[in-house]
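Me: I would like to learn how to read strand pairing and helix packing in a model, taking one feature at a time. Could we begin with the strands?

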Amino acid sequence: MSGKRVPGDGWTLILSDAGAYAAPADIRDDAEGIAAPVPGTVASALRDAGQFDAGNPTSLENVDAWYLCDLTEEAGKAVLHFAGLATIAEVYLNDNLILASTSMFEAHDVPAMLTGTDRLAICFRAIGPHINKTGPRARWRPRMMRSQGLRLLRTTALGFMPGWCPDVVAVGPWRPVSIVRADETPSNFAISATLGDDGVGILRVSFAARTPPDNLRLVCSGREVGLSFADGRLHAELVLPDIMPWWPHTHGEPALHDIILRDEQNERVIGRTGFRSITVDRGHDGNDFAIRINGEKVFCRGAIWTNADIVSLAGERTEYEPWLRLAADAGMNMIRIPGVAAYETNEFFKLCDELGIMVWQDLMFANFDYPANDESLWIHVKTEVEQFLTANSASPSLAILCGGSEMFQQGAMMGLPERVWKGSLATDVLAELCKGGRPDVPYVDNSPSGGALPFFPNAGVAHYYGVGAYCRPLSDARRANVRFAAECLAFSNVPDTGTLEKHLPVAPSHDPRWKARVPRDAGASWDFEDVRDHYLQELYGLEPAKLRYQNPERYLAFARAATAEVMEATFAEWRRPGSSCNGALVWTLQDLLPGAGWGVIDATGQPKSAWHALKRAFRPIQVVLSDEGTNGLDVHVINDSPVSRSLHLEVTCLRDGRQVVVSGKRAVVLDARRSITLAATDLLGAFFDTTYAYRFGPPSHDVTVARLKDAEGGDVVAEAFHFPLGHMPALHEATIEAKLSKDRDGAWILQLSSDRLAQSISISVKGFRVAENGFHLAPAFMKQVALLPVARMDPESVPSGSVTFLGTDHVTRF
């Protein structure tokens, strides 16, 4: 429900001991208050006042928080709309209790008679006593949660997962407070947009009305239809032949269409929607999990969303946009909101609609054994799910609805039988709610689920950490026969030097401040930095512990390169045409605090090396190489785009990183959304031991470079590298030449060339973000990298920075 928001800067926050004040009239006149923006949280208000540090948070679990606001609205009937109150809340109007809420995820509409001089008060009662209450006996207890009573409350798990996120507990009016007048234009629209196999779109709209209006029409994409009145609602169904469909941005245009109500005098845009069909293909064996959009199989790639700001639980477009644009820029076409987080606002989904990013939406259930017979709890659940689905009923980006995260897995890993861990909450209750609210969106019982055990990756939906937390070799990405990884590849990803110098200026050794920002599983003897170090040693043969003490900067360079290489190699395996994998989402998109967290984007919004690796791995037009042992090197060319592409493919094998041993090229015409596989020897024209599998004498080369060019303009579309002897033998001293130039639009471009192969180029430019980083640079090739200003710059100023790469301490400055 929309309306006039209560001014966000008109609120005062007063904190008190739990239970100190029973009602607003009891608050002492000398009680100290601070300004508190709404929507917002207690933590964000304290942060604004300089009294809260997310890195060392003050506990908010055992205090009451009072929000007070004087309303200056005109007297008369109104509805007070509370879009979200976290979590145990009482609302008072002129000292009269008008609402008691026990769910963070529910919105409330309260009729009120305003006098013109009113005081609104909201008390958020201490959550500590509630999470310490005991309920029905749980059949399992997840170790990752520090409070088992959390399963009895409808609130976020953020702030309750030590080692995963800071202990910032959600308290306050985290979503807007609005005033709606009874005579305002209706806004609670039920909208449905579907696309048939014949390309015909169907738009259905309904809303409550007192009387049938005169000549009201529903308009979309140049067509219109009248509305009918029945049972207190207006209804319309509009048929749209040959409507332009909505696609994920990697596979087509995310076309959106305005939904308009028009009468003889006025017209009003009531929303935007897209038309698409979405199904899940289970394959010939019933174990597959492939998403089809408009009949086409789409390889889903992206990351897990945590939060735009864990302190404020931000929900505005301006707060979402930087993160989601970076996701789209990296070629991500899916974001998953996990059951440990919180529902995002309609602004999040509008952005995803526009950017062509699909959303996998977990309902907010995770890990716990939720009490199946608690009817009072399920009343709240029904309300929260129905409200969420109604609010996003027009969103084409909502692609998967899921009953929650790791409930099945948690019980199964405890050794419990399926009849215990596969409860009716996910399989029946939530499934029916989702089917009723968004029948066009496929439903998944739980993430993970589908195999002989829910955590087996070879059927259904997996949380795959074989490569990653379990330190399996890179070849496990193929051996595991992954079908769809709703989570994968968690590493402690190191931010760039600028972020560390500003926000965490400590050595990457066992400094407590450094280690406090490294994620870990509760109770584990290892953390995710140990996982990263394992792959650093596997890839480069270096001893991480010794390297980090002897040369911290060199250690950080290899650490950044290691996670980037593992991610790029794993997705190369999963995207090749013969792979069983249909999609994978990296854990996680963003960090919650500056440091070496899981995020591929740091907490300040700067991409890490892993983000750049994923940007290369997620290219819609892509070339990847796979080592097939004695079958040689395979070259896979992928075209996810909606048009046929004429391309030139080149393959070159280099000795000592510079001498061409053998090379070949071929013209390739690839139809829309299709891929091919070629043997490297088909391009080279004769047998050549590209994988060094036959070992006839000493190795003849240390790197193979595949380059894909546009046939018309000659621009390089994608590159891939294969190291038959491993990365370390191919580390070379190289001479890098760096030149600045400008493109046609006057934007700065950095031109790079090298006399030998240079691995994992790192570019640092003050005041700019580089469009590409961490890439390998082959000799006799000019690489152009766009420099993107991140701050207001003097248009006459010339960028300056440095270029480094693995294997040498030499710095090239420009």
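Reply: The general idea is that two strands pair if DSSP finds at least two bridges between them. In this model, which is predicted, strand β27 (residues 462-464) and strand β28 (residues 485-488) run parallel and are joined by 3 bridges, and within that pairing Y464 has C488 of β28 as its bridge partner.

Me: Which strand is joined to β28 by 2 bridges?

Reply: That strand is β29 (residues 583-586), which runs parallel to β28; here the bridge partner of A485 is A584 in β29.

Me: In what order do the strands of the open sheet follow one another, and is the pairing parallel or antiparallel?

Reply: The order is β37-β38-β41-β40, an open sheet of 4 strands with antiparallel pairing. Because β37 (736-742) and β40 (768-770) each have a single partner strand, they stand at the edges, and one side of each is left without a neighbour in the sheet. From one strand to the next, the twist averages 30 degrees.

Me: Turning to helices, why is α14 described as roughly parallel to α15?

Reply: The step rests on a cut-off, since angles under 35 degrees count as roughly parallel. The axes of helix α14 (residues 552-575) and helix α15 (residues 609-617) cross at roughly 25 degrees and come within 8 Å, which makes α14 roughly parallel to α15. Their crossing is right-handed.

Me: Which residues of α14 and α15 meet?

Reply: From α14 the residues are R560, T563, A564, M567, E568, F571 and R575, and they meet S609, A610, A613, L614, R616 and A617 of α15. Sorted by class, this contact has 7 nonpolar, 2 polar and 4 charged residues.

Me: At what angle do helices α3 and α4 pack, and how far apart are their axes?

Reply: Helix α3 (residues 317-329) packs on helix α4 (residues 346-355) at an angle of about 35 degrees, and the axes are 10 Å apart. The crossing of α3 with α4 is right-handed. On the α3 side the contact is made by R317, Y320, E321, L324, R325 and A328, which meet E347, F348, L351, C352, E354 and L355 in α4; by class this contact has 7 nonpolar and 5 charged residues, with no polar ones.

Notes:
Residues are numbered from 1 along each chain as its sequence is written. This is a predicted model: local features need pLDDT of at least 70, side-chain atom pairs count only at pLDDT 80 or more; totals for chains, interfaces and linings use all residues. Side-chain values use heavy atoms; hydrogens and water are left out. Axes are lines fitted to C-alpha atoms, for helices over the stretch in contact, and angles run from 0 to 180 degrees between N-to-C directions. Angles under 35 degrees count as roughly parallel, over 145 as roughly antiparallel, 65 to 115 as roughly perpendicular and the rest as oblique. A crossing is left-handed if the near helix is turned anticlockwise from the far one by less than a right angle, and right-handed if clockwise. Contact means heavy atoms within 4.5 Å. Ala, Val, Leu, Ile, Met, Phe, Trp, Tyr, Cys and Pro count as nonpolar, Asp, Glu, Lys and Arg as charged, and the others, Gly among them, as polar.
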